[in-house]
Amino acid sequence: MTLLVDRVRRMSVWGTVQGVGFRPFVYRLATELGLAGSVRNAGGHVEIVVAGPAPALDEFARRLRDQAPPHAVVERLTVEAAAGRPAPGFVVLDSSAGTAANGIPPDLATCPACLNELFDPADRRHRYPFVNCTACGPRATIVDGLPYDRERTSMRAFPMCDDCAREYADPADRRFHAEPIACPACGPRLSWHRGPALARGSVALYMAEWALRFGGVIAIKGLGGYQLVCDATCEAAVARIRRVKARPAKPVAIMVPDLATAHRLAWLTRQDERDLLSAAAPIVLAEAPHSTSPDFPDVGLFLPYTPLHHLLLADLRRPLVVTSANRADEPMVIDDETALRELEPLVDGVLAHDRPIVARHDDSVVKAGRLVRRARGYAPAPLPLPVRVTAPILAVGAQLKHTFAVADGDRVTLSPHLGDLENEAALDAFEHAIEGMSPAVVAHDLHPGYLSTQMARRWPDRVAVQHHHAHVAAVAAEHGIDGPFLGVAYDGLGMGDDGTFWGGELLLADFTGYRRLARFSHAPMPGGAVAVRRPDRMALGYLLGGERFDDDPIDVPDTEDVEVVRKMIERGINTPLASSAGRLFDALAALLGVCRRNRFEGEAAMRLEALALPYATAEPLAWRIHERDGLLVYDAVATLRDALAAVAAGESVGRVSAAFHATLAAVTLLLCERADAGIRTVCLSGGVFQNRLLTREVTRRLTEAGYRVFTGERVPVNDGGISYGQAVIAAATRL
Ligand code: ZN
Ligand code: ZN
Ligand code: FE
């Protein structure tokens with residue numbers, strides 16, 4: 001027999017516990033178990049005082065962990081004895097103000113229960129584009145302070161009607177303490193703007209849908225920013241979106257009504273399906289059939305994730321192009337004034353609403369279960385920090401695909417993707433975000449020209465972190481690897497510690513330091529930054545001035561630039577050296593006639609991957625590894641020469657490209673084995689590992705040889721993950 005003794009306990013719950021229906025869950029659990037007490041949001045965590053018999057309290061604590069709502073993550077639960085005796089019954093208290101910067105929950109896609117209401121003619125929220133509940137809806141994009149409460153979101157401008165207030169206050173209702181709760185009587189409203197014309201509510205939606213039906217391009221106010229939308233099957237409209245965005249080549253994402261439609265457009269894996277259906281609802285880069293996408297390996301698909309998107313897709317019954325409304329690489333527009341001033345003249349109308357967007361969150365992008373762009377639905381959920389810090393660290397990131405990170409306590413908060421810092425608007429956004437911060441230590445890249453590095457100079461206590469060390473440390477930290485590991489960094493460019501640009505590196509690393517074990521052979525980049533946009537120049541760089549280990553002759557293609565480039569290299573004019581895997585992809589793409597100019601970052605490599613996919617099992621090309629100055633060096637020129645010979649012998653470009661992927665996989669394994677560091681853990685990072693074929697082949701060969709292989713999943717392997725790596729390294733070395 002259990003002795004029933006009344007006890008009082010104080011429980012603190014840490015993790016993702018705000019904005020995910022956690023307090024209502026606590027209320028229902030306590031009520032079910034007949035316990036008295038209270039629950040409240042406190043800064044970044046939830047505090048519970050609970051009284052009752054000891055066995056019931058134990059069960060309560062167990063179920064707090066085991067039965068938490070679907071999107072809650074309980075990272076830590078502390079239980080301590082407390083004094084006093086709460087009044088009978090269980091109450092949800094108002095929040096106590098907190099200072100924690102952590103704990104803003106990510107946005108969640110519309111849940112099935114809300115979808116039912118959206119399409120139920122009898123429901124009072126029938127076709128209401130802002131329906132949400134404790135399990136879904138806007139969070140991070142409307143919050144401007146913690147704790148997470150309606151008064152600290154942009155919903156404070158909408159006083160609840162009596163019906164909503166009743167639901168909000170009723171512990172038995174699924175909208176109990178749903179902070180963004182709204183209905184047609186009290187919540188935000190749509191508006192349609194076209195020149196002087198203005199319509200509101202359902203008429204606004206009707207006008208927008210008519211514009212889309214007739215091949216128009218419109219701007220809509222989405223969750224984390226404005227989006228450009230058109231019928232994906234209307235080529236003229238898609239071409240217009242490209243012109244508005246000044247983005248002639250890069251594929252645009254397509255929103256499809258359901259999984260069945262997605263299956264018709266791409267080869268979806270189970271993982272792709274899971275990601276499409278997840279509460280984060282990212283754009284999934286799925287493998288595209290070669291017949292429909294000969295140039296690019298992927299097609300970007302996603303499902304509707306707000307009630308407004310659901311209404312558009314259901315009414316129009318066709319896939320829509322839905323892409324962030326911006327020009328080139330500028331940040332997406334979030335405020336109504338800019339949208340009406342700058343977007344409206346370029347499109348056939350703007351579908352806006354009166355709930356302000358507080359934080360800009362682009363759509364996140366996932367490829368093969370790994371984040372390529374981490375923003376809406378993921379940010380700012382915290383990431384692990386392997387070492388605890390007692391004072392905050394700011395890591396300012398790199399230059400392109402910019403993010404910044406703040407390490408505090410035992411977690412890192414990574415900002416959503418901000419865009420390229422070269423862009424003034426992105427730089428302003430970054431400046432605004434870090435203004436007023438007083439970090440104890442600031443981590444930055446070695447590259448003095450990065451605007452992030454220059455920004456870091458305003459703080460006295462700084463740590464310079466090598467770019468590829470940050471890349472591989474990000475992967476190791478995400479996977480909780482402690483102790484030394486082999487870091488394979490295949491990347492575009494990053495400043496090395498020897499004054500050359502790196503990007504084809506094997507490092508022996510931990511969080512406090514690294515030693516370079518191997519590298520790709522280097523080649524001059526004729527014209528410096530120009531060569532990044534000019535794979536044809538890079539090819540000449542390798543053939544005319546690439547690092548050599550033999551005197552075998554090379555047939556240099558006779559192009560107009562040959563003499564110019566030869567002179568640049570001979571005289572050493574603007575020809576910085578790079579040992580970069582990304583530049584090697586560029587050079588090969590140009591030599592194969594696949595891509596002479598990069599219209600966007602990574603285009604040449606993407607085209608090579610697309611060509612290679614049908615020949616995935618090709619044998620490697622010729623390759624050699626030499627030793628030079630204590631480093632292993634992969635002789636890239638030997639491979640390029642063999643590729644040229646294969647093409648001259650009539651081999652298809654696709655097969656040569658597949659052989660090149662296989663070559664890099666074989667090289668990677670041999671570099672790891674020859675380095676013989678006695679380490680069996682390998683972390684793959686750098687933007688080149690966004691290539692699914694290369695990642696698959698490298699992982700396969702290393703795994704078969706007995707290595708444990710990790711790569712970025714929750715943190716991008718591209719420069720969007722640099723700030724996280726910097727934060728981890730600064731934490732390990734300085735605090
Ligand atoms: Zn819902
Ligand atoms: Zn209402
Ligand atoms: Fe990089």
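Biologist: Is Phe-600 buried or exposed?
Modeller: Phe-600 is buried in this predicted model, with a relative accessible area of 11%, where buried means under 20%, exposed over 50% and partly exposed in between, using a 1.4 Å probe and protein chains only.

Biologist: Which ring does Phe-600 pair with?
Modeller: The partner is Phe-296, with the ring centres 5.8 Å apart and the planes at 40°, so the pair is tilted; rings of Phe, Tyr and Trp (its six-membered ring) pair if their centres lie within 6.5 Å, and planes under 30 degrees apart count as stacked, over 60 as edge-to-face and the rest as tilted. Phe-296 is buried too, at 9%.

Biologist: How many aromatic pairs are there in the whole structure?
Modeller: A search finds 14, and Tyr-490, Phe-520, Tyr-634 and Phe-689 form one aromatic cluster.

Biologist: What should I know about the numbering and the cut-offs?
Modeller: Residues count from 1 along each chain as its sequence is written, while chains are lettered from A and ligands numbered from 1 in the order written. Local features need pLDDT of at least 70 and side-chain atom pairs 80 or more, whereas totals for chains, interfaces and linings use all residues, and side-chain values use heavy atoms, leaving out hydrogens and water.
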